Amino acid sequence: MMKSRTWKRVLAAVCAGVAAVSMAACGGGTNNTANTAKDGVIINSVMNSTSQASLNYNPFSSTALTGVVGALYEPLFYMNNLKDDPTKLEPLMGKSYTISDDAKTIDVTIRDGEKWSDGKPYTAEDVAYTFNLLNSNKALNTSGFAGSAKVLSDTEVRITLDKPESVNALSYLSGTMIVPKHVWEKIDDPVTYTNKDAVGSGPFTVKGGNFSPTAYTFKKNPYYWDEGKPEIDGVRYVLITGGTQASQNALTAGDVDWMSAIFPNMDDVLSGYSDIKTVNVPSSQMAFMTCSNKELGCSGPTTDPAVRKAIYYALDRNQIK
């Protein structure tokens, strides 16, 4: 949710670069000073934490700070659930990809001539290094990637999976944060590495920003691959304690420009605040699957057709809609 007064277009541009993996709703801003100018604009977002933060910009860590994934680091592609066919991944640093018919090989072409936030070249070496790093380090490999990657050229890499993975292949491409080889190959323990001087390919960078346990700021990445974006100077993540009520108060008071939160009775909470322009309520789907064929070795109550019929008729389809 965001409040919007004078620079809605500026924030929309940020969303184009960050929404894939970091932000879930976009709209505008609330600051009262110089909001019509792009330069110097810092938006306030919310830390996804109920306690003071410890500096951790490691994109593979389960305790990485809000914004590390998406703002500092990006995968090769992202999955756009608003598209008719979300299985066709949208490009970030990855330009195109091909999955073999046996779902064991993925050939990826990346953008040519792009750079990391420290100005060093971003090449296929970085992509191959990242996947091989995960495969060789179980503590980092939260996606379960099993395979290897090799460089075909400066802009081409081949990922070979240990077994066919037609579904997970897409997850690897859209969920693996790529890291720079020239930085990470020098790290003794990538599991405990807090990555204080993070070098990434996302729209923002830690350089020029700051950190405290209650707020930290990322600044615009001058080398971001999507020219002209982001159209703001930075993002500040702030700690808000006190639960749902405190979050509501922060939003309606204009203390934050964007947040991802669940508000009970949202219409009542936001009534009277005409400057809150965008409220994005995403929907999610759940599939319930069970083994029901005795001939294939299934066991349990769902092998009984009567039980399956009972479940079928018990579903309230109006509620599901």
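Trainee: Which residue stands opposite Asp107 in E5?
Mentor: Strands of a sheet pair through backbone hydrogen bonds, either parallel or antiparallel. Here Thr98 stands opposite Asp107 in E5. Strands are DSSP runs of E with at least two residues, helices are runs of H or I with at least four, and both are numbered from the N terminus. This is a predicted model in which local features need pLDDT of at least 70 and side-chain atom pairs pLDDT 80 or more, while totals for chains, interfaces and linings use all residues. Residues are numbered from 1 along each chain as its sequence is written, and side-chain values use heavy atoms, leaving out hydrogens and water.

Trainee: What is the strand order of the open sheet?
Mentor: Its 4 strands run E4-E5-E7-E6, with antiparallel pairing. Strands E4 (94–99) and E6 (147–153) each have a single partner strand, so one side of each is left without a neighbour in the sheet.

Trainee: Which residues have the most contacts inside the largest nonpolar core?
Mentor: In soluble globular proteins, nonpolar side chains tend to be buried together. A nonpolar core joins buried (under 20% relative accessible area, 1.4 Å probe, protein chains only) Ala, Val, Leu, Ile, Met, Phe, Trp, Tyr and Cys residues through side-chain atoms within 4.5 Å. The largest one has 57 residues, and those with the most contacts inside it include Tyr57, Val108 and Trp184. Helix H3 gives the largest share, 7 residues. A second, separate core of 13 residues includes Val46 and Met259.

Conventions: Pairing = 2+ DSSP bridges. Buried < 20%, exposed > 50% of the residue type's maximum accessible area, 1.4 Å probe, protein only.
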